[in-house]
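I opened a notebook for this structure.

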Amino acid sequence: MNMIKKILFSPVTMVVLLVAASFFMGLATFIENDYGAQQAKLLIYNAWWFELLWLLMVINFGGAIFQQKLYKRRKWPTLAIHVGFVVILLGAAVTRYVGYEGLMHIREGEASNVILLKDKAVKVKTSGSDQFAGVFTFENQSDAGFSESVDIKDEPLEITLKHNYPAAIKQAEPTKDGVPIIGFVLAGKSARGFAYIAEGEKKMMGNFVVAFREDSTADLQFMIENDTFYMETRKVLSQSQMGNQNERKFMKGKQVIESKVLYQTRRVNFVIQETYQSARIAAKPTSVSGHAAALPALVFDVNYRNQQQDVTVWQSREFEYNPTAVQFSDLALEIDYGFETVELPFEIYLNDFEIARYPGSNSPSSFSSHVTVKKNGDEHPYHIYMNNILKMDGYRFFQSSYDQDEKGTVLSVNRDRWGTGITYVGYFILVVGLILSLMNKYSFLRSTRVSALALTLFITLGFVSGTGTNAFAQEHSHVAVVESVDKQHAESFGELLVQDKQGRTKPLNTLAFDIVHKISRKGTVQGLTPAQFFLEMHLDPQAMMHIPFIKVGNDALQEILGIESSYASYADIVKPGKGYAFSGMVEKVYAKSPAERDKTDKELIKVDERINICYGIFSERYLAVFPSQQEGNHQWLTPSEAYKKVTNSADSAFLHDVFPIYMQEVEKAKQSGNYEAASEILQGIETYQRNNAQYQIPSPFDVAVEQTYYKLDVFKKLFPFYATVGFLFLILLIAAVIQGRTVHKNVIRIFGSLVFLGFIFHTLALAARWYISGHAPMSNGYESMIFVSWVTILAGFIFNKYSPFALSATAILGGFTLMVANLSFMDPQITNLVPVLKSYWLTLHVSVITGSYGFLGLGAILGIINQILFIVKKEQNRQRIIETIEKLTVINHKALTFGLILLTIGTFLGAVWANESWGRYWGWDPKETWSLITIFVYTIVTHGRLVSGMRGIFIFNVMAVYAFFSVLMTYFGVNYYLSGMHSYGGGDPVPVPAFVYWSVGVLVLLTLIAVLKNKNIRITTEK
């Protein structure tokens, strides 16, 4: 018995369990990306052995409390962490087996008391009955894994699964005991695609009603008489041969159906492709991505009173009931395969669904449902919107999404009072333990003073949340813009406000910067600032068409265009007299699924987008500078639109003439150098904007801040600065250790002051972006990267008093992080927030969890430095290097521990946010899963000293380096290579930059060399 306890409660078992859980959770995210979330749950998340793994963790963590005597006072913080983890897992178990979640769909003017659960079920009911005779839960079981029986009229109905197709399409098969079937293609505004309809059926295809029976309400009615198929429409019908619109004849009333003939009404076009006198619809398996109409399908063997039938049942889509009719001699059945339903003891009536949009755009700012809860004759009004939930009888309703016509709402519903409550208690205990571990006088982190910093940062973020030169190497063409507009005047032009397509009102200079970045992936074009470039595109489009500024980063596309560099002119792609060079190619690429597109296809899509942007500039589509004067219309208009939309004749004349006159004056000024007249016109346009805007627009101070932010382009300039200072500082420090010298304090102060100067500019630029956008700069990949870089430098200053190596390391990592932020796949554009991000949780959750990456990154860099020191260690400098390694290892362990604390708190803050927004605190989304994996990985690294064989200095530093790959996977891998709610790429990955492969190769080589020279020196990292 003691031996079993020793094994179950040992640190070795903990490491084994954490490694196993991390591996299988990571595997599940890739299964989900390739085969869907249901398969990931079936194979791993809901598997009995996976649950057993978590049970063993509870036993291990609980047993460790007594094994390591964590109940002693000095160990109370560690006790709280273990207890919190155990309570969280107990809460998760209650949620797993007791709680449930689903969706409720309600149309305006209607009520519902039914929620759709996440679990699929096979439902059998007798025709005409509202009650299901049998409901069987179903989780993509194997072909032989499902067999059930239900009594109907005192006789058993046996239903056995013969085939389970994850994806299949409908196909008509002739059979003697079938029914008449017609297959047709329909194309209209509300619906399009191929469909079958059997005799007796009625289908709603968008707003178009098709019936194969007598039905006066149908738009298109089929019938069969004496083995001849007929059709009839309520409108005049035209008929023509496919591809020949010249020979058309018009008809009305009942007509004999002709196949392969195009029929048209005012609303739709349709073609009859197949007719069968007697057939049945069978399931033909296909790949998930191979067919747009593919659905999961089940083929059952159904037996009743010695009568047997093979029945194909198709999965019902969300909020639809798609049963298969089954007829026995004296029994009519409907069998449905779809999501299980639950009836509530009350109903919710949707009074009104509304969407608030950003001014002048279709981008939702928020959406909400005005509902009335009806129960036992009582009615209670309520307003449900993002992050504002309805609670009723243990159910919680969250605003999830809405119908495309904006006349219906989709609410996510959660019933998990006990599971969520227990889990929240676990979160609280765990977070208290983590915070106490910082403040505890016995904690080895106490001397770093990070506890005070963490609390100050946390409180500050909570309070706030409530309330030029391109550094990249550029390609230059020999073509130059002659007599370009004056830079100073172009900046004045850039101060004009413009409304972008997403509804954000901003200076034209910002729009120009974003456009230049998207088109050329650079900060300037031919020496022109973004404002100069944008103005020249309107002044002299013919000249600009011949300047190579459009990025074409693919050899195959360059060869098609006949260019020798990675930049093409507009005329190279849209050739005069020849048309679009990629005509036909683009359509074929868009016809492919994302998974089928190769690198050339993806680059072609980007080039096509850049061409469309250029065309939009040439046609003035981006010059939405004039506010509409129509009451309640927040959309701004271009010069060619604005004068048509005003009733005041004076304003109409002004709007009609002001821009052409301005362009003429600028052309004159380019020759004379006198821009006074052009500047006066700009002032007139600005006055018009401020007098006619129907909502609050940026003030002159706001414009000045944004102009300065983009002009300075701090983040692009900082990354070479940080990296250069950091590398020089690091080389100096390593050389001093090797040679046995001490670096003079003044030299250290100089390098520290340089990094601090960069940090000040970094902080000011972050604050400026926060001010400009109106929200914390953490809402997308670019913003979180610049914030991670800031925290990384901050971590360097925290640990700088122990060793200047810390600051040199963070300067390098901070610079490298900013470099990645400025790569081509990152978008630095300031945008409006999507509704779910308009919450104080954005600041709290994202700041804490991304802040942890800075400390974990510091650990990785210190691990690399220590490996280098192992390599350069010789007999004459052995003692000095060992002392340096020991000191850096202690710093490393403290940094990783603090990073792990932040990561854990941030992850659980994210779980609380998810619960408040979507009604569930954990859903095995890939981002959530990889955050948990990263917690486990760093738990192993920081607890390695408890395991024999993992206590060496060298092993710890190697683990610190390679553990950071879990951070990179959580941040980049999930965002760009896996599908999920946090994914920016939707599983359609961006190319991996070549330097990544080189970096990994260098790291592996560094470790191998260090292994050969490692003497396995050990250290207790609790110093």
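**Entry: working basis.** I am reading a predicted model.

**Entry: α25 and α26.** I began with helix α25, residues 878-918, and helix α26, residues 926-942. How far apart are their axes, and at what angle do the helices pack? I found 10 Å between the axes and an angle of about 155 degrees. An angle over 145 degrees counts as roughly antiparallel, and α25 and α26 are therefore roughly antiparallel to each other. I noted a left-handed crossing where α25 passes α26. Next I listed who touches whom. From α25 come H893, L896, T897, L900, L903, T904, T907 and A914. From α26 come E928, S931, T934, I935, Y938, T939, V941 and T942. I sorted this contact by class: eight residues are polar, seven are nonpolar and one is charged.

**Entry: α20 and α25.** I stayed with α25 and looked at helix α20, residues 714-739. The two axes come within 8 Å and cross at roughly 140 degrees. That angle makes α20 oblique to α25. Which residues meet here? On the α20 side I wrote down V737, I738 and Q739. On the α25 side I wrote down R880, I881 and T884. The contact of α20 with α25 holds three nonpolar residues, two polar ones and one charged one.

**Entry: α9 and α19.** My next pair was helix α9, residues 508-520, with helix α19, residues 700-712. Are they roughly parallel or roughly antiparallel? Their packing angle is about 30 degrees, with the axes 9 Å apart. Angles under 35 degrees count as roughly parallel, and α9 and α19 are therefore roughly parallel to each other. I marked the crossing of α9 and α19 as left-handed. N509, T510, F513 and D514 of α9 make the contact with E706, Q707 and Y710 of α19. By class, I have two nonpolar, three polar and two charged residues in the contact of α9 with α19.

**Entry: T792.** I looked up T792 in helix α22, residues 781-799. Is T792 buried or exposed? T792 is buried, and its relative accessible area is 0%. I left aside neighbours within four places in sequence and found T792 in contact with T810, L813, G814 and G854. I also checked G815, which is 23 residues from T792 in sequence and 9.6 Å away in space, C-alpha to C-alpha.

**Entry: positive phi.** Most residues other than glycine have a negative phi. I looked up two with a positive value. N306 is not a glycine, yet its phi is about 65 degrees. N306 lies in the loop between β16 (295-304) and β17 (307-314). N306 is exposed, with a relative accessible area of 85%. E620 is likewise not glycine, and its phi is near 65 degrees. I placed E620 in the loop between α15 (599-618) and β31 (626-627). E620 is partly exposed, at a relative accessible area of 24%.

Methods
Residues are numbered from 1 along each chain as its sequence is written. This is a predicted model: local features need pLDDT of at least 70, side-chain atom pairs count only at pLDDT 80 or more; totals for chains, interfaces and linings use all residues. Side-chain values use heavy atoms; hydrogens and water are left out. Axes are lines fitted to C-alpha atoms, for helices over the stretch in contact, and angles run from 0 to 180 degrees between N-to-C directions. Helices (H or I, at least four residues) and strands (E, at least two) are DSSP runs, numbered from the N terminus. Angles under 35 degrees count as roughly parallel, over 145 as roughly antiparallel, 65 to 115 as roughly perpendicular and the rest as oblique. A crossing is left-handed if the near helix is turned anticlockwise from the far one by less than a right angle, and right-handed if clockwise. Contact means heavy atoms within 4.5 Å. Ala, Val, Leu, Ile, Met, Phe, Trp, Tyr, Cys and Pro count as nonpolar, Asp, Glu, Lys and Arg as charged, and the others, Gly among them, as polar. Buried means under 20% relative accessible area, exposed over 50%, partly exposed in between (1.4 Å probe, protein chains only).
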